Amino acid sequence: MVFSIRRWTSRIFFILVFSVLLLAVTGGYRWLADAISPVHPYREPKGAALKVFVADPDSPDSKHAADRLRWFYWYGE
């Protein structure tokens, strides 16, 4: 068996360059994703924020199926 040192060094060099470029691209993607995404997407808003929705009224306590069905279609609950 003949081992060509030149061929093996070129393969090792290719694998090393490929690995370094892969790490650079994945690191760049992570950095870009962190730079674009908001810091806290669910934090309370700052400034003069208002509550613009009304809490749903209590569901009817009746045992009639028609009342519960009407409630379901009206409020979607």
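**View 1. Helix α1 out in the open.** Of the 32 residues in α1, the number buried is zero, so this helix lies largely in the open. Keep in mind that this is a predicted model. The helix takes in residues 5-36. How far apart are the end C-alpha atoms of α1? They sit 46 Å apart, which agrees with the 46 Å that 32 residues should span at 1.5 Å a residue.

View 2. Stepping back for a moment, the protein has two helices and zero strands. The accessible surface comes to about 8200 Å², and carbon and sulfur atoms account for 67% of that.

View 3. Which residues make the nonpolar surface patch? Phe-14, Ile-15, Phe-18 and Leu-22 do, and the patch comes to about 450 Å². Phe-14, one of this group, is found in helix α1. With a relative accessible area of 56%, Phe-14 counts as exposed, because the cut-off for that is over 50%.

**View 4. Two Phe rings, stacked.** The count of aromatic pairs in this model comes to one. That pair is Phe-14 with Phe-18: the ring centres are 6.2 Å apart and the planes meet at 25 degrees, so the pair is stacked. The cut-off for calling it stacked is planes under 30 degrees apart. Why are the two separated by about one helical turn? Because Phe-14 and Phe-18 are four residues apart in helix α1. An α-helix has 3.6 residues a turn, so residues three or four places apart point the same way. Are these two Phe residues buried or exposed? Both Phe-14 and Phe-18 are exposed.

**View 5. An Arg over a Trp face.** Here the focus moves to Trp-8 and Arg-11. Arg-11 lies over the face of Trp-8, at 5.1 Å from the ring centre.

How values were computed
Residues numbered from 1 in each chain as written. Predicted model: local features only at pLDDT ≥ 70, side-chain atom pairs only at ≥ 80, totals over all residues. Heavy atoms only, no water. Areas by Shrake-Rupley, 256 points an atom, 1.4 Å probe, with all protein chains shown as cover. Patch = residues over 30% accessible without salt bridge, like charges linked within 9 Å, V, L, I, M, F, W, Y side chains within 5 Å. Salt bridge = Lys/Arg side-chain N within 4 Å of Asp/Glu carboxyl O. Buried < 20%, exposed > 50% of the residue type's maximum accessible area, 1.4 Å probe, protein only. Phe/Tyr/Trp six-rings, centres within 6.5 Å; stacked < 30°, edge-to-face > 60°. Lys NZ or Arg CZ within 6 Å of the ring centre and 35° of its normal. Expected span 1.5 Å × (residues − 1).
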